Amino acid sequence: MKILIASDLHGSAEYCRQLIEAFKRENADKLLLLGDILYHGPRNDLPEEYSPKSVLNQLETVKDKIICVQGNCDADIDTRLLPFPVLPSFGAVFSDGIEIYFAHGHNAAPPLKKGDVYLTGHTHVPVNEMTDGYYHLNPGSVSLPKEGSVHGYLVYENRRFIFKNLDGTAYDELEIKEEDEPLSESAPVVKPMPAPVRRPQIVRRKIIVRRK
């Protein structure tokens with residue numbers, strides 16, 4: 001499965017348009033949105049071509065492909081207007097043997113185990129790091145990147161996450177290599193035949209006693 005992962009549109013019709021173009025160009029199976037879809041937020045500048053209604057209409061065209069989690073700037077009325085289900089806090093996708101959990105990122109992380117992947121948005125800054133044994137990834141913001149980062153997204157396919165800007169140029173990646181799998185209990189175990197043991201040759205002699 002190929003998944004395009006993006007976050008923090010904040011009502012920008014211009015960058016929503018570019019994101020959908022990227023989704024079609026990547027030929028991805030799903031579009032995973034990590035929250036903050038319509039409202040620009042009280043601490044952000046207005047993004048380019050701010051038009052929540054236009055964003056709604058554009059997302060309508062790919063609604064059957066979208067998986068979405070609610071962000072801190074997504075009001076309940078927004079989630080009711082969006083033409084696809086919006087998960088309230090966390091979600092999960094299982095692909096290629098990897099457990100991928102996702103949230104907007106404004107709340108504490110759920111309990112995660114070694115090897116899990118945790119996707120968040122919220123900070124508007126890309127992240128690619130390992131934390132307490134799990135992988136923490138953040139695609140940054142589509143419309144309002146911060147700290148000199150790019151307008152971008154993530155692509156997941158075949159155990160590999162690739163960070164890209166909106167024109168499709170890759171700038172970072174994470175590949176999770178598959179661990180060696182143990183033999184299943186039902187699998188036959190072939191043991192080598194032991195080397196033949198060389199036994200000492202015993203020579204039996206007949207003793208003849210001659211009588212005088």
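Predicted model: local features only at pLDDT ≥ 70, side-chain atom pairs only at ≥ 80, totals over all residues.
A salt bridge is a side-chain nitrogen of Lys or Arg within 4 Å of a carboxyl oxygen of Asp or Glu. A search of the whole structure finds eight salt bridges. In one of them, the side chains of Lys-2 and Glu-26 come together with an N to O distance of 3.2 Å. This pair links distant parts of the chain, since Lys-2 sits in the segment before strand 1 (3-6) and Glu-26 in helix 1, 24 residues apart. Both Lys-2 and Glu-26 are buried.

Glu-26 has another partner as well: its side chain also meets that of Lys-164 in a salt bridge, at 2.9 Å from N to O. Because Glu-26 belongs to helix 1 and Lys-164 to strand 10 (residues 160-165), this contact ties together parts that are 138 residues apart in sequence. Are these two residues buried or exposed? Glu-26 has a relative accessible area of 9%, so it is buried, and Lys-164, at 14%, is buried too.

A further salt bridge joins Glu-99 to Lys-113, with the closest N and O atoms 2.5 Å apart. Glu-99 lies in strand 5 (residues 98-103) and Lys-113 in the loop between strand 5 and strand 6, so the pair connects parts that are 14 residues apart in sequence. Here both partners are partly exposed: the relative accessible area is 25% for Glu-99 and 44% for Lys-113.

The structure holds four aromatic pairs. In the pair made by Tyr-118 and Tyr-134, the ring centres are 6.3 Å apart and the planes stand at 80 degrees; planes over 60 degrees apart count as edge-to-face, so this pair falls in that class. The two tyrosines come from distant parts of the chain, Tyr-118 from strand 6 (residues 117-119) and Tyr-134 from strand 8 (residues 134-138), 16 residues apart. Both are buried. Phe-163 and Tyr-171 form a tilted pair, with 5.9 Å from centre to centre and 55 degrees between the planes.

Asp-29, Asp-96, Glu-157, Glu-178 and Glu-179 form a negative surface patch. Among them, Asp-29 is placed in the loop between helix 1 (13-26) and strand 2 (30-33) and is partly exposed, with a relative accessible area of 39%. A nonpolar patch is formed by Tyr-39, Leu-46 and Tyr-50, which together have about 280 Å² of accessible area. Tyr-50 is in the loop between strand 2 and helix 2 (52-60), and it is partly exposed at 31%.

Asn-27, in the loop between helix 1 and strand 2, has a positive phi of about 55 degrees although it is not a glycine. At 63% relative accessibility, Asn-27 counts as exposed. Glu-49, in the loop between strand 2 and helix 2, is also a residue other than glycine with a positive phi, near 50 degrees. Its relative accessibility of 40% makes Glu-49 partly exposed.

Definitions and conventions: Residues numbered from 1 in each chain as written. Heavy atoms only, no water. Patch = residues over 30% accessible without salt bridge, like charges linked within 9 Å, V, L, I, M, F, W, Y side chains within 5 Å. Areas by Shrake-Rupley, 256 points an atom, 1.4 Å probe, with all protein chains shown as cover. Lys, Arg positive; Asp, Glu negative; His and termini not counted. Charge placed at Lys NZ, Arg CZ, Asp CG, Glu CD. Helix = DSSP H or I, 4+ residues; strand = E, 2+ residues; numbered from the N terminus. Buried < 20%, exposed > 50% of the residue type's maximum accessible area, 1.4 Å probe, protein only. Phe/Tyr/Trp six-rings, centres within 6.5 Å; stacked < 30°, edge-to-face > 60°.
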